[in-house]
Amino acid sequence: ALEELAAASDVPTTLDVRTRENVGMETAMAAYATVSAVLNSVEHPGPNTRAVILVDRDGDTLTVSVEVEGAVGTVVVADFVNVADRVGALGGRLTTAEAATGATVVTAVIPCGQ
């Protein structure tokens, strides 16, 4: 589903999924919601706007990182309240940061379901 989401986005996106293990339905839905929220929050993507999505599992934790660079507008952090609540309800956390390059990085660390 993440491949389809990335392909349909107005933001050129690179997707790097480093695990194909089952993470549980709720975890997978929270990961999808995270990526969707970030890609949809980019205001006015320009010709240099790019997103890189990294999905990796370490033990019982799935990490989803979305880095957006070159946005003409901004990534609207207020759009992440609902997804932060969803990730938090599973015992995870959602963080936002600015990379040294000026890119916005949104990371969700989500416990995997049984």
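**View 1. Aspartate 16 is partly exposed at 29% relative accessibility (buried is under 20% relative accessible area, exposed over 50%, partly exposed in between; 1.4 Å probe, protein chains only).** Its side chain meets that of arginine 18 in a salt bridge, 3.0 Å from N to O. The term needs a side-chain nitrogen of Lys or Arg within 4 Å of a carboxyl oxygen of Asp or Glu. Arginine 18 is exposed at 53%. The model is predicted: local features need pLDDT of at least 70, side-chain atom pairs pLDDT 80 or more, while totals for chains, interfaces and linings use all residues. Numbering starts from 1 along each chain as its sequence is written, and side-chain values use heavy atoms, without hydrogens and water.

**View 2. Glutamate 21 and arginine 57 form a salt bridge at 3.7 Å, N to O.** Glutamate 21 sits in the loop between E1 and H2, arginine 57 in strand E2, 36 residues apart. Helices (H or I, at least four residues) and strands (E, at least two) are DSSP runs, numbered from the N terminus. Glutamate 21 is exposed, at 53%.

**View 3. Glutamate 3 meets arginine 20 in a salt bridge, 3.9 Å from N to O.** Glutamate 3 belongs to helix H1 (residues 2–8) and arginine 20 to the loop between E1 and H2, so the pair ties together parts 17 residues apart in sequence. Glutamate 3 is exposed at 52%; arginine 20 is exposed at 67%.

**View 4. Five strands make an open sheet, ordered E1-E2-E3-E5-E4, with mixed pairing.** Pairing requires at least two DSSP bridges between two strands. E1 (13–17) and E4 (93–98) stand at the edges, each with a single partner strand, so one side of each lacks a neighbour in the sheet. E1 and E2 (residues 50–58) pair in the parallel sense over 5 bridges. Threonine 13 has alanine 51 in E2 as its bridge partner.
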